Amino acid sequence: MDKNKLNISEIENFFYNLLSGTVSNQVFRGSYPTAINSAWNDMVIIDCASMIKDYDSNGFGIVSILLYPAKNLGNGTKNVTVLAELETKLNQAIASNTSTTYEINRAGVMTEYDTTRKLYYNVVFINTKIY
C-alpha cells in the first residue's frame with residue numbers, strides 16, 4: 001500500500017472529485033465556507049476529523065459527509081426536500097465509485113442543527129478502506 005494514500009489531503013481530494021458536480025457544485029474540504037452565495041441551493045463539506053488507521057497492508061477510517069441545504073424553508077423549518085436529494089445523489093456517487101485505492105460504503109447517518117448558522121443538516125458517515 002502507498003502510505004501517501006493515508007494522507008488526509010489525499011482522502012479529501014478523492015471525496016472532492018467523487019462528489020463535486022455530482023452531489024453538489026459547492027463541495028468544501030474540511031470546513032464550512034466563510035460566505036454562502038445566495039444563489040446556492042445546497043453545499044457539502046468533507047470532514048476527515050476521525051482517525052485514519054494504518055494497518056500496514058491497508059488503512060481504515062470514517063469520513064463524515066455533511067449535507068447542507070443553503071437555507072431552511074421560509075418558516076425556518078428543515079428543508080427535507082433538498083436534504084433527501086443530496087442523500088440520494090450521495091448514495092449514487094458511493095455506488096458509482098470505481099477507485100482501486102478507496103473502497104467506501106455508508107456506515108450511518110444522523111441529523112444535526114448548526115446553531116451558529118441556524119441550519120439543519122445531515123451527517124453521513126462513510127466507512128473508508130484504503131489499499
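K3, D54 and D56 are linked in a network of salt bridges. The model is a predicted one, and the structure holds five salt bridges in total. The protein carries 11 positive and 12 negative side chains.

**Charge pairs**

- Side chains of opposite charge can pair when their charged atoms come close.
- D56 counts as exposed because its relative accessibility is 59%, a value over the 50% limit. K3, at 35% relative accessibility, counts as partly exposed.
- K5 forms a salt bridge with E10, the closest N and O atoms being 3.8 Å apart. E10 is partly exposed at 31% relative accessibility, and K5 is partly exposed at 25%.
- R106 forms a salt bridge with E87, with 3.1 Å between the closest N and O atoms. This pair also links distant parts of the chain, from E87 in helix α2 (residues 80-96) to R106 in strand β5 (residues 102-114), 19 residues apart.
- E87 has a relative accessible area of 18% and is therefore buried, since buried means under 20%. R106 has a relative accessible area of 30% and is partly exposed.
- The centres of the positive and negative sets of side chains lie 4 Å apart.

**Fold and dimensions**

- The protein contains two helices and six strands. Along the sequence these elements follow the pattern α-β-β-β-β-α-β-β.
- The radius of gyration is 15 Å, close to the 14 Å that the globule rule gives for 131 residues, so the protein is as compact as a globular protein of that length.
- Taken along the principal axes, the box filled by the C-alpha atoms is roughly 50 × 25 × 25 Å.

**Burial, contacts and surface**

- Of the 131 residues, 41% count as buried; E87 is one of the buried residues.
- Among contacts between residues at least 6 apart in sequence, 57% join residues at least 24 apart.
- The protein exposes about 6,900 Å², and carbon and sulfur atoms supply 49% of this area.

Technical notes: Residues numbered from 1 in each chain as written. Predicted model: local features only at pLDDT ≥ 70, side-chain atom pairs only at ≥ 80, totals over all residues. Heavy atoms only, no water. Helix = DSSP H or I, 4+ residues; strand = E, 2+ residues; numbered from the N terminus. Rg over C-alpha atoms; globule rule 2.2 N^0.38 Å. Buried < 20%, exposed > 50% of the residue type's maximum accessible area, 1.4 Å probe, protein only. Contact = heavy atoms within 4.5 Å. Areas by Shrake-Rupley, 256 points an atom, 1.4 Å probe, with all protein chains shown as cover. Lys, Arg positive; Asp, Glu negative; His and termini not counted. Charge placed at Lys NZ, Arg CZ, Asp CG, Glu CD. Salt bridge = Lys/Arg side-chain N within 4 Å of Asp/Glu carboxyl O.
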